[in-house]
Amino acid sequence: LRERICEITDMSNLSPRPPVVTVLGHVDHGKTTLLDAIRQTNVVDTEAGGITQRIGAYQVEVDGRKITFLDTPGHEAFTAMRARGAQVTDLAVLVVAADDGVMPQTREAIDHARAAKVPILVAMNKIDKPNANPELLKQQLADVGLVVEDWGGDVICVPISAKFRRGIGDLLENILLVTEVAELRANPNCPAVGTVVEGKVDRNKGVIATVLVQNGTLRVGDMIVIDTIYGRVRAMFDDKGQPIKEATPATPAAVLGLSEVPPVGEVFEVFESEREARAKVEERLAARQATTTQTAPVKALTLDDIVSQIKAGKVKELNLVLKADVQGSLEPIIKSLEQLGNEDLRVHILHYGIGQISESDVMLAAASQAIVIGFAVDPDNAARRLAEQQGVDVRRYDVIYTLIEEMDLALRGLLEPVYKETVLGRAEVRAVFRIPKLGRVAGCYVTEGTISRDARVRVLRAGQKIFEGVVHSLKRFTEDVKEVQAGFECGVGLDNFGDFQEKDVLEFYKKERVTA
Ligand code: GDP
C-alpha cells in the first residue's frame, strides 16, 4: 500500500484529505464515552435522524473540515492493524482521566503510538470530578516524556468531560490544528487502495466490510481484492447508514459484495476487471502453497534474523520490548542495555514494564520488528499463542549478565543460533469435519508419543511435508485439551490450514534454541 501511495509523483494531483484519528488510553478512562460524545455532538446529517451506525469508523465535520475517527478504541486494536501492515492513523488522542492519572495502559498506549511514530494529543478527561487533579496529571505526563504546552513542552493537552460533553469542540479544533501541519494529502483520481477497519456478517445483508480509503476513490461497481478475497462492490453505506456511490480518501465506507469476511488491517485494492482480480488472488494462493508456512504481511524478526541483518549492515537498531518481575531488576537492565552498541548501532527499548508478557507486548513486537525479553517472567497463554502465530521471538532470562551478554553479542553480529528439534508425537487423520467458525478439523488417532496444543505441527502426505504451522484447537470430544496421548482419538484444527485428507500424518514437534 505504501508503495502504491508513494508512486504518486505528480504533486499537482494531490488534494488535502481529512486526518484519521485513533483514541487510546487506560481502561475506564473514557475512550468509548469520548467517541460517543464526538459522534453525538457533531452529527451533520439531520435527515438520517442524527443516529449514526457503528461501522468501525465515522466522520465528523468542524467548520467545514472533516475528521475521521476509528471507532475501535485502544492500542491493542491499533497495533494489531499495524502488525498486518496497515498504517492508517495520523494522530493518537490519548485519553487520561484527571482523577486517576497515568496508569500502566496509558504508558503502554504512549509506547505503542511512539513505536508507530504517530503524534500524540492528550485529552485530559473527567475534569468534572471533584477529585480531578490536572496539575498532578501534567507532572505524571512529563515523567513519561509528554511535556504539555503550559509546562513549556509541545504536547497539546485539552481538558474535557466526555460524560458531560464539555471541551469536545475545543478538542476537535486542536485535532485539526495539530494535523494541519502534516499537510495530509492524497490523490482522489485513481483506483482506490486502503485498509479494512471492520468486518462482520449481517443476517440480512451478508458480509459487510468497512474500509477506509487511503488513496483514490472507491466506487460502487469496483472490483476489489483483499488478500485472497475478491468481489464487486454491490453497494456502499456511510457512517449514517446512507447509501453512497463513492468514497474519497480518508472516508470510511461499509461495503457489500464480498464473499468472505476480510481480516481487519488487511489492505484492499481495486482492479480493472474480475479477470485481473482473480489472477491476483490465484497468484497469492499459489505463493502461499509454495511456501507452506504462513507469514504475516509484516514479517516478525527473530533475534537471529536481526543478527544476520546487523552483519549485512541492514539494521541500525535492536528493538526490544522488555518485561521484568520487579522494578528493582528493570532499572539495572535498562541501564546496561542503553550502554551497549555504538552510535551506529544501539538497543532501542520500545516498551518496558513489570509483569507477565501480554498479548499487547507481543503485538507491539510483531508490528515493530522487535523481540520480547522476559526477565524472570514468561508470556501468558494468549501471548504465547500469538508469538507462535506471528513468529515473534520471546526470550526468557533469569540472570542479568546473560541477558546483557547475549544482546551485546547480537549487536556485534556474533550470536550464532543453535536449534534442536524434538518430535513429541504423531497422529493419523481418520476423518475430516467441517465445523462452523472453526473451519476444517481433522479427526485423528494418536499413533505415538503425546501431541500437544503448544507444539508446532507438520502435515505429511505420503511422507511429503505439505504444511507447517501451529495448532489452533485440540479437542477430546467437545472438550479443549492441552495434550492427547497415544492410543486416543482427538480433533485437531490448525491455523491457516484445513485441507486435510484421510491418512495424512500430523507430526507434532518442538524446536528449542540451545545456547551456543
Ligand atoms: P473506556 O474503557 O476508556 O472506553 O471508558 P468508558 O468510556 O467506558 O468510561 C468508563 C466510565 O467512566 C464510564 O462509567 C463513564 O460513564 C465514565 N466517564 C467517562 N468520561 C467521563 C467524564 O468525563 N466524567 C465522568 N465523571 N465520568 C466519565
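Colleague: Which helix does Asp361 lie in?

Modeller: Asp361 is part of helix α10, which covers residues 359-368. Bear in mind that this is a predicted model.

Colleague: Okay, and is Asp361 buried or exposed?

Modeller: Asp361 is buried, and its relative accessible area is 0%.

Colleague: What does the side chain of Asp361 reach?

Modeller: The backbone nitrogen of Ser358, at 2.9 Å. Beyond its neighbours within four places in sequence, Asp361 also has contacts with Val321, Lys323, His351, Gln356 and Val372.

Colleague: Nice. Switching to the ligand: how many residues surround it?

Modeller: There are 15, and the closest are Asp28, Lys31, Thr32, Thr33 and Asp128. By type, the shell has seven polar, six charged and two nonpolar residues.

Colleague: Which polar atoms lie 3.0 Å from an oxygen atom of the ligand?

Modeller: A polar backbone atom of Gly30 is at that distance from a ligand oxygen, and so is a polar side-chain atom of Asn125. For His29, a polar backbone atom is 3.4 Å from an oxygen of the ligand.

Colleague: And how much of the ligand's accessible area does the protein cover?

Modeller: 76% of the 580 Å² that the ligand has on its own.

Colleague: Which helix gives the most to that shell?

Modeller: Helix α2, residues 31-41, with three residues.

Colleague: What do the buried residues of α2 pack against?

Modeller: Strands β2 (20-25), β3 (57-62), β4 (65-70) and β5 (91-97), plus helix α6 (168-180). The buried residues of α2 include Lys31, Leu34, Asp36 and Arg39.

Methods. Residues numbered from 1 in each chain as written. Predicted model: local features only at pLDDT ≥ 70, side-chain atom pairs only at ≥ 80, totals over all residues. Heavy atoms only, no water. Near = heavy atom within 4 Å. Polar contact = N/O pair within 3.5 Å; in protein donor to acceptor, adjacent residues only side chain to side chain. Areas by Shrake-Rupley, 256 points an atom, 1.4 Å probe, with all protein chains shown as cover. Helix = DSSP H or I, 4+ residues; strand = E, 2+ residues; numbered from the N terminus. Nonpolar A, V, L, I, M, F, W, Y, C, P; charged D, E, K, R; others polar. Buried < 20%, exposed > 50% of the residue type's maximum accessible area, 1.4 Å probe, protein only. Contact = heavy atoms within 4.5 Å.
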